[in-house]
Amino acid sequence: MKDEQLRELLADLTLDEKIGQLLQVAGGLYDTDALVTGMLDYFKITDEELALTGSVLSISGAEKLKKIQDECMAKQPHHIPQIFMLDIINGFETIYPVPLGQGATFHPESAEKLAEMAAKEGAAAGVHVTFSPMADLVRDARWGRVMESTGEDSYLNGLMSAAMVRGYQGENVADKGRLAACVKHFAAYGGAEGGRDYDTVELSERTLREEYLPAYKEAINAGAKLVMTSFNTLNHVPSSGNRWLMKQVLREEMGFDGMLISDYGAVGEMINHGFAKDEVQAGELALKAGVDMEMMSLCYAHGLKQLLEQGKITEEMIDESVYRVLVLKNELGLFENPYKDADAAEERALCLCDEHRQLAMEAAAESFVLLENKEQILPFTVGDGKKTALIGPFMESPKVYGSWSFPHDDDSIVTIRQGVEKNQSGEPVSYHRGSQFFSADKKLKNGEYLSYDALLAEELLADALAAAKEADRVVLCIGEHPQQTGEAASQTVLQVPEEQMKLLRKVQEVNDNIVTVVFTGRPLELKEIKELSKAVMVVWFPGTECGNAVSKVLWGAKEPGGRLPMSFPYSAAQMPCYYNRFRSGRPNNGTLNQAYVMGYIDQIDRMLYPFGYGKTYTEFSYSPVRITDSNGVETKEMRDKQVIKASVTLTNTGNRVGTETVQMYLADLFGSVVRPVKQLRGFRKVALQPGKSAEVTFEITEEMLRFYNIDMDFVSEPGDCRVYIGSDSMTDNFAEFELI
Ligand code: BGC
């Protein structure tokens, strides 16, 4: 439709129709099988209101959505199509690693391909918009939603979020197999106090701008069509009513001109926050902040007319939002084809096709982070005749896909057992569940009830111990339950559940050749696991191809390719915990018993495994860092904003081919405000044959050294800087230069 026609359509709508376009309702109102991601009972909508709504969320399936589209368009007086939105977070039917696992790949091109594949499946299933990427910076592993982020570093998050947007949207969202992307949760949802979901966020404007906003901005620059508001208050103001944040920062400064949608019920929740006294006022605050569509609360539906009559808002304000909704529908081509790509046959053909499974498998292996590998126990040698006991509640469980994944059938998931049976059919492997997930009855957040059986616990343990005694080595598959992660899953304890730790301790008493495979959606305390295991590998929640990826990595057909996208602490009490902190006036040297220094008296001020950390199956060495100018001459200066280069020689000193994730960090040593100890500004994955070396070079620009100075101007300041190049964020391999 031409813009002129859109404007005419808008002019022809009644006020009720306009208000209807601004409301998004849950698919549960149309279909009892639909996913419910929030509270539904309070939502009382009349049939008349329902007939005019502009969008439906959390529902999919080509046939189902075509039918709903037909019914809705028949009722809508101007036959305006619905726009269908869904959380396609880490795959639709073919599920790939949770976003934190994708962060671990340090491979934005892979995230882009995965998003593209998810878009193809989702679009064929009738979906138009995905509520992804989540660009929230996360620094506190107690928050359940760290799993949905790509980690603690805003530079990495920005690259990953932008890649996902490109993957979903392609060149044109109207094209076949494309979805519009919705960046969320604007802003700083990941900064909740104490890691408690839905709690307060207090941030200085400098930290907000420097650390939290950049990743959203990258996603917006990549062309994301939608932005979602966050649930939290930011410096005392709920995001959905934060005019400064939405109008000045998002629209004016970041130049976002797409559709702004609230999070689930977030406009109505401003009443609970004590920011609005009733639905009418909440509607006023949200509209004035520029929220175009209200997800699952009825403040616009119940308030806008009254506000108009009272002269508190104008019809132009409503029109502006309705126009944005219509523009998005038009950009998706829905006025010409309201079903877009919904096609049951294609949905069947695309979902879980071989090509998609292969991509998911590669991504899973690339996300696995090898934390320990004592005596080079990994990879196992094919055909060495050694007996392996595969033990643990994840050994045969299909629940390996994270809390935002909804496969139609768990049979599509390749369990570890199935993967090993298929890929290592010649190996002597025995299989044992070993333990239940928890040591008591447990109600999971999705309502599922796991009842604990004490007798069964004894049987499982006895069977596992007998097998472990017999075997040459044990692979122990343990971890968090997927329902301990995601939304509304904040925790104070960051440990593998006690029942499974008990299993590890007992097994270790009879066989200490243990490879522990850890499933998790967040950093955990792994100190004891490290001590009791020869190898430790974090596999996050890998998705559909879990078993194939794990078995191939264990037996060396694939390398574990991941690096930690979040620091793993010694103790949960260290939260929040991240590498790019500030230097203290009383520096801590990382040992205990120092008097009067920053830190704790009962815990060294270090992380167990820092951001960027991860081993390969081979070893790499780094030369010292060299800095050269644009003529290739060694220098110790960056003059007149010239680009300089920092390089190292990387050598594979081991005896296997391997891929190193070379990381470049910058530090500004003195400033008008205190600067972080270092900040990631580049990385490269380099594959090398044993004994071979490569020159790895990064360009350093003056822009990379900019920050909000004492006057809140975004500038660089002359002075001494460092460039670090190494294998993780604790690297000490640096060279200095002066910015002149
Ligand atoms: C979550 C969003 C999600 C939305 C729709 C909310 O509860 O915070 O991330 O996109 O539900 O399902």
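**View 1. Asp87 and the ligand in a predicted model.** An N or O atom in the side chain of Asp87 sits 2.5 Å from an oxygen atom of the ligand. This is a polar contact (a pair of N or O atoms within 3.5 Å; within protein, one must be able to donate a hydrogen and the other to accept it, and residues adjacent in sequence count only if both atoms are side-chain atoms). For His185, a polar side-chain atom is 2.7 Å from an oxygen atom of the ligand. For Glu487, a side-chain N or O atom is 2.8 Å from an oxygen atom of the ligand. The ligand has 14 residues around it, where a residue counts if one of its heavy atoms lies within 4 Å. Those that come nearest are Asp87, Arg145, His185, Asp263 and Glu487.

The model is predicted, so local features need pLDDT of at least 70 and side-chain atom pairs pLDDT 80 or more, while totals for chains, interfaces and linings use all residues. Residues are numbered from 1 along each chain as its sequence is written, and side-chain values use heavy atoms, without hydrogens and water.

**View 2. An open sheet of six strands.** The order is E11-E18-E17-E16-E12-E13, with mixed pairing. Strands are DSSP runs of E, at least two residues, numbered from the N terminus. Two strands pair if DSSP finds at least two bridges between them. E11 (369-373) and E13 (429-432) stand at the edges; each has a single partner strand, so one side of each lacks a neighbour in the sheet.

**View 3. Strands E12 and E16 side by side.** E12 (residues 388-391) and E16 (residues 473-479) run parallel, joined by four bridges. Leu390 has Val475 in E16 as its bridge partner.

**View 4. Ile478 in strand E16.** Is Ile478 buried or exposed? Ile478 is buried, at 0% relative accessibility (buried means under 20% relative accessible area, exposed over 50%, partly exposed in between; 1.4 Å probe, protein chains only). Beyond four places in sequence, Ile478 touches Pro393, Phe394, Val496, Gln500, Thr516, Val517, Val518, Phe519 and Ile529. Contact means heavy atoms within 4.5 Å. Gln500 is 22 residues away along the chain, yet the two C-alpha atoms are 6.4 Å apart.

**View 5. Phe186 in the largest nonpolar core.** This core holds 209 residues. A nonpolar core is a set of buried Ala, Val, Leu, Ile, Met, Phe, Trp, Tyr and Cys residues joined through side-chain atoms within 4.5 Å. Phe186, Phe519, Leu526 and Leu554 touch the most other members. Beyond four places in sequence, the contacts of Phe186 include Leu213, Tyr216, Val227 and Met254.
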